[in-house]
Amino acid sequence: MRIVSLAGGIGGARFLRGLKAAAPDSEITVIGNTGDDITLFGLRVCPDLDTVMYTLGGGINEEQGWGRADERHTVKEELAAYGVEPQWFGLGDRDFATHIVRTQMLSAGYPLSQVTEALCARWQPGVRLLPMSDDRTESHVVIADADADGRRAIHFQEWWVRLRASVPAEQIALVGAEEASPAPGVLDAIRDADVVIFPPSNPVVSIGTILQIPGIRAAVEEKTVVGVSPIIGGAPVRGMADACLTAIGVETSAQAVLELYGSRLVDGWLVAEEDKGVALDGVAVEARPILMDSPDATREIAAAALTLAQSLTSPSA
Ligand code: FO1
């Protein structure tokens, strides 16, 4: 079976591990969010691509869900000793090597999709990992700022990591989205997919961001899509999807996220049992355990998503 999954960071990567276990003989293409990408110390950092690559390739720091296992921060400490900013983003020594290789290849003119393929040659994630676009896009957050006459735009990572999303986001914008194109292979992978899966990634700054790349939403709407709610009982399981949903005026609930995606996009929706009242015309909603609290649980959630997708894929198609 050919599966395409749009994925963000930690939750998406964890789900993909279960998807691989649930469909070992399938061909899985992951379209990774690059709106979180940031340039630090002259190096291009792609947090969501790296989280998927490290998680599926066996190098992730499991507790954090980002960065490398068995990590030291000698370079970070030395940069701090020079007073170099920013010091709020925790880049480890091993992780620096990834950003050095990526930046070298980008500087040599390789597109991000080829850079990602080269990095994955080492990590062997067992999926094809494609950036959503080779064009540079970045999520920026508009916050209130007393001295900067009321509003200031900061990089998503500064809002997410330095501020812990503690300052209300008035607006979240993907800078560069209009001019960006899907990376090579993205639209073909979606078109050729038997099913498209939305993991419980952040619906605003991960999956929502990927859908903003011109052409991707329309291509996905043509497919059978099953999503897993990132919200259980009114709260995100991890991360700060609630802060992001509030920023766009959406309630933090499985129902509201389903309505945000809409029935043109999503055909099936897995929700937790406490959210079993969720409903939307044209969408098959299934209530079941969706907490990824063990590899087995995650595999079962992924299997349930695939089973629901197969039941929805019209046999006459
Ligand atoms: N998240 C944090 O909360 N603190 C950090 O210092 C941090 C560093 C970091 C370094 C590399 C990387 O790939 C991810 C990192 N993240 C950190 C996570 C990152 O902000 C998020 O994973 C994504 O951008 C949102 O999904």
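Which residues of α2 are buried? In this predicted model, local features need pLDDT of at least 70 and side-chain atom pairs count only at pLDDT 80 or more, whereas totals for chains, interfaces and linings use all residues. Residues are numbered from 1 along each chain as its sequence is written, and side-chain values use heavy atoms, with hydrogens and water left out.

The buried residues of α2 are Pro47, Asp48, Leu49, Asp50, Thr51, Val52, Met53, Tyr54, Thr55 and Leu56, where buried means under 20% relative accessible area, exposed over 50%, and partly exposed in between, with a 1.4 Å probe and protein chains only. Because ten of the eleven residues of α2 are buried, this helix is largely enclosed by the rest of the structure. Helices (H or I, at least four residues) and strands (E, at least two) are DSSP runs, numbered from the N terminus. Just after α2, Gly58 takes a positive phi of about 85°.

Helix α2, residues 47–57, lies across β2 and β5, and runs at about 175° to β5; contact means heavy atoms within 4.5 Å, and axes are lines fitted to C-alpha atoms, for helices over the stretch in contact, with angles from 0 to 180 degrees between N-to-C directions. Strand β2 is itself mostly covered, with five of its six residues buried.

Those two strands belong to an open sheet of seven strands, ordered β5-β2-β1-β9-β10-β13-β14 with parallel pairing; two strands pair if DSSP finds at least two bridges between them. At the edges stand β5 (128–131) and β14 (284–287), each with a single partner strand, so one side of each is left without a neighbour in the sheet. Neighbouring strands of this sheet are turned by 20° against each other on average, direction ignored. Strand β2 (residues 27–32) pairs with β5 in the parallel sense over four bridges, and Gly32 stands opposite Pro131 in β5. Strand β1 (residues 2–7) also pairs with β2 in the parallel sense, over six bridges, and here Ile3 stands opposite Ile28 in β2.

In soluble globular proteins, nonpolar side chains tend to be buried together. A nonpolar core is here a set of buried Ala, Val, Leu, Ile, Met, Phe, Trp, Tyr and Cys residues joined through side-chain atoms within 4.5 Å. The largest such core has 52 residues, and those with the most contacts inside it are Leu6, Trp159, Phe198, Ile216, Val220, Val266 and Trp269. Helix α11 (residues 254–261) gives the largest share of this core, five residues. Apart from it lies another core, of 39 residues, among them Ile28, Val52, Val226 and Leu270. Not counting residues up to four places away in sequence, Phe198 touches several residues, including Leu6, Val220, Tyr261 and Val266.

Glu221 has its place in helix α9 (residues 216–221), and, leaving aside neighbours within four places in sequence, Glu221 is in contact with Arg264 and Leu265.

Taken as a whole, the protein chain comes to twelve helices and 14 strands. Its radius of gyration, taken over C-alpha atoms, is 19 Å, close to the 20 Å that the globule rule gives for 317 residues, so the chain is as compact as a globular protein of that length; the rule is 2.2 Å times the number of residues to the power 0.38. Of these 317 residues, 53% count as buried, and among contacts between residues at least 6 apart in sequence, 68% join residues at least 24 apart.
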